Structure formats: C-alpha cells, structure tokens
Amino acid sequence: MQKLPSLRGAKLRGRRVFVRVDFNVPIQDGRITDDRRIRAALPTLQHLLTEGAGVVLCSHLGRPKDGQPDPKYSLAPVRAHLETLLGRPVGWIEDPTAVHPIAPGEVYLMENIRFFPGETKNDTTFAKVLAQWAEVYVCDAFGSVHRAHASVEALPRLMPEKYAGFLVEAEWENAQRVLTGIEHPYLVVVGGAKVSDKLPLLKHLLPKLDRLLIGGGMSYTFLHAQGLPMGKSLLEADQVEAARAILEEAAALGKKVLLPVDSVAATEFRADAPARVFRHDEGAFPAEYMGLDIGPETIQQARTFISGARTILWNGPMGVFEWEKFRTGTVKVAAYLAEETQKGAHTLVGGGDTASAAEVAGVVDKLSFVSTGGGALLELLAGQTLPGIAALLS
Ligand code: AMP
C-alpha cells in the first residue's frame, strides 16, 4: 500500500503550519446545520497545537461566483463554531495576501479561499503568496483533494515539507483497503439516484470485486437494460448501454450480481404515497408505478448475498431512505453490513448521502469507516489520480 507522508513524528515545535481543511459545511441563516467536516479535522489541529505549532487554516465554502467575495459564503460562522470546538480563540485572516507572523499556539482561519480568483485557477503566483504563511504544509481536506486548485495542488508542490493530516491519512488507508489490499470475498453495494455518477467506479472495481449488489434508483436502468419491467421508475436513458455492458462484463468475469427482484413502489414521488410491492418479472410491474425501495424478497436475497464478505464498499442508498415508508431496504442492508463488520469484515461507507443513510439506520459506529469525501472518494475508487494527493507525494 502506498503511504502518504505522515504527520506523526514530524517536527512541529515553534513552526508555522498551513493546513488546508475542508470546512465546506451546510450553513442556513448563519447557523451550521452539520459540522461533521469541522469535527473530522480536530485531531490534526489538536495534534499541531499540542506539539507547539502555529496554525493557519484555509478552506473553501460553496461556489462563490468569479472568485469574488460574497457574504453568503463567508467562513465567519465557521470561525465562531471552531472557537467553541477548540475552546480557544481563532484569529481571522480577511485577506490571505496580507501575510503576517504566526506565534506558536496561535490558530488563524482564512476567509473563503475561493473569494480569490487564483484559487480555482491553480495559480502559481497566488500559491507563492500563500506559501509565505508557513514552512510546513498539511493537507486534511479529503473532500477537496480531487480539485486542482491553488491551496490543494500548486501550494503543496511549492512547499519543501508537507504531510497528510490524520483525516486524509485515514481516508486514504481505508480507500486502499478496497482498492489494493483486498481480502476476499469482496462485496460492493451501490445505490442512489444516478448510474452516471457511479459508472467510473463500477468499471474500475468490477475486475477486483466478487459480488455486486445494485439497488436504489440506479438499479432500474440496469433492469431496463435486461428488458425487465420497471414502470416509471428512475431511468437514465443514455446509460442503458453502459449498464448492459457492465452486466455483460460481470457475467464474462464470473462475478455475482444481485439486482432487485421486487420493489416497494408508488404511483407518485411523495413521502405519503400509498405503497405496494411488485416483482420485476415480465408483466408483473405495472407501468404507472415507480420503484422507491427494494422489496422484501430482494432484502431476503441481499442477506445471503452479503453474508461472508470480508471486504465491503457501500456507496448509495437502496431507496428513498429520507422517507420512512421507503427506507426499509436501506436500513436492513445497512444492518446486514454492520453484522458482517462485527464478524470481521472491513467496511468502507462513502458518499454524503450514504453516510446520512448509515446514520438513519443507526449503524455508523458498527461500520469500519465512514468517509467524509463525496466526489473525491468516487474519483479515488474509480482509479483516478487525485491532484491534492499527487502533490503531497511530489
Ligand atoms: P446518490 O447521491 O446518487 O447516492 O443518490 C442518493 C439519492 O438517491 C437519495 O436522496 C435517495 O432518495 C435517492 N434514491 C434512492 N433510490 C431512489 C429511487 N428508487 N427513486 C428515486 N430516488 C432514489
């Protein structure tokens, strides 16, 4: 397994450290509604402070237009929340180009780095200015490592000393266990809305995995590709060929694939729509219904399918888990994955929605690792090189 340069053992006393974090959290009316990404960076921050470093934190928030300041995307609420979490004052850097000294034990947070056009352009001149803040660079922004942006890519390439923070290190090592250090049988569970999002991952992992469970909205494009009825369930018409190709390749490679044999369906996409179970056999699934969860027979088959796996990747819910009526499939599958994990399987859960699904199912603590990365994890699992990781290794 390729190792990232680790912060453990780095000399930090009296040194200034620039930390790229991912504090891109949801904020409503100035209030942070989910602070998981901030809390995920705390072990690194606490380590740096305990070791006697001075810290400058840098993050983006949302997508401000044209690299211009927009109060809607200010990191000011994050600074206040971070002060509470750390139990110490956090200084504010309104303008990251106005470099000033940082003393040991001090923590500063920069304003949203995307307020500066050099960031998304991966501009070297801008990165050179950022480099003046510190002598050590730490990347703990796993959610951003797939972006070739100045604070993620150009900057670490300029820095003589750079490390992965504890979050990035853990994310990397957990991802490697489902990519290279695989213990078989290897089960991949995919679901959620879109085939197109998961296709690169499916293509890359198909030769490595042993069993593939496809549920959720994306499974109906696969059923359609097999000529099975799925009514007005989600269909990505431009992905039907790709879905067929995946199924053909899986068959050629001798991989086991489980698709829904039945669904909990409704005639309308509504939380309280009357629900009925239909099978996907020829003539069995009515044209006016849409599948919103995997059905009881599929759940039963999933249990056997999941049993005995040693390595598990779960990405995407089995249905519209946000609605109580359509969450049984996701909750049950999550429980089976948790059971296998308790028996010793290594289970990585990825993607924002899947993390929420794991929370709804009450199994977060029973799975090996819940990733904080959405797009970054998907790209890593698709075998792509991530600019922020490549820069750390440069
Ligand atoms: P993704 O971001 O692709 O993992 O998709 C997650 C979303 O897919 C969740 O918000 C689910 O509500 C939605 N989803 C899962 N199954 C279905 C389905 N059968 N029909 C419509 N949406 C679904």
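**Exercise 1. Identify which of the 16 residues around the ligand come nearest, and describe the shell by class.**

Solution. Of the 16 residues around the ligand, those that come nearest are Ala193, Lys198, Gly217, Gly291 and Glu322. A residue counts as near a molecule if one of its heavy atoms lies within 4 Å of it. The model is predicted: local features need pLDDT of at least 70, side-chain atom pairs count only at pLDDT 80 or more, and totals for chains, interfaces and linings use all residues. Residues are numbered from 1 along each chain as its sequence is written, and side-chain values use heavy atoms, with hydrogens and water left out. Sorted by class, the shell has 7 nonpolar, 5 polar and 4 charged residues. Here Ala, Val, Leu, Ile, Met, Phe, Trp, Tyr, Cys and Pro count as nonpolar, Asp, Glu, Lys and Arg as charged, and the others, Gly among them, as polar.

**Exercise 2. Find the polar atoms of lysine 198, glycine 291 and glutamate 322 that lie by the ligand, then state how much of the ligand is buried.**

Solution. Look for polar contacts, that is, pairs of N or O atoms within 3.5 Å; within protein, one must be able to donate a hydrogen and the other to accept it, and residues adjacent in sequence count only if both atoms are side-chain atoms.

- Lysine 198 places a polar side-chain atom 2.9 Å from an oxygen atom of the ligand.
- Glycine 291 has a backbone N or O atom 2.9 Å from a nitrogen atom of the ligand.
- In glutamate 322, a polar side-chain atom lies 2.4 Å from an oxygen atom of the ligand.

The ligand taken alone exposes 500 Å², and the protein buries 83% of that. Accessible areas come from the Shrake-Rupley method with a 1.4 Å probe; for residues, only the protein chains shown count as cover.

**Exercise 3. Decide how many disulfides the structure holds, and explain why cysteine 58 is in its state.**

Solution. The structure holds 0 disulfides (pairs of cysteine sulfur atoms within 2.5 Å). The closest cysteine sulfur to that of cysteine 58 is in cysteine 139, 10 Å away, which is too far for a bond. Cysteine 58 is buried, with a relative accessible area of 0%; cysteine 139, at 1%, also counts as buried. Buried means under 20% relative accessible area, exposed over 50%, and partly exposed in between (1.4 Å probe, protein chains only).

**Exercise 4. Locate histidine 146 and list what it touches.**

Solution. Histidine 146 sits in the loop between strand E7 (136-140) and helix H4 (150-158). Helices (H or I, at least four residues) and strands (E, at least two) are DSSP runs, numbered from the N terminus. Histidine 146 is buried at 13% relative accessibility. Leaving aside residues up to four places away in sequence, histidine 146 touches Gly375, Ala376, Glu379, Leu386 and Pro387 (contact: heavy atoms within 4.5 Å).
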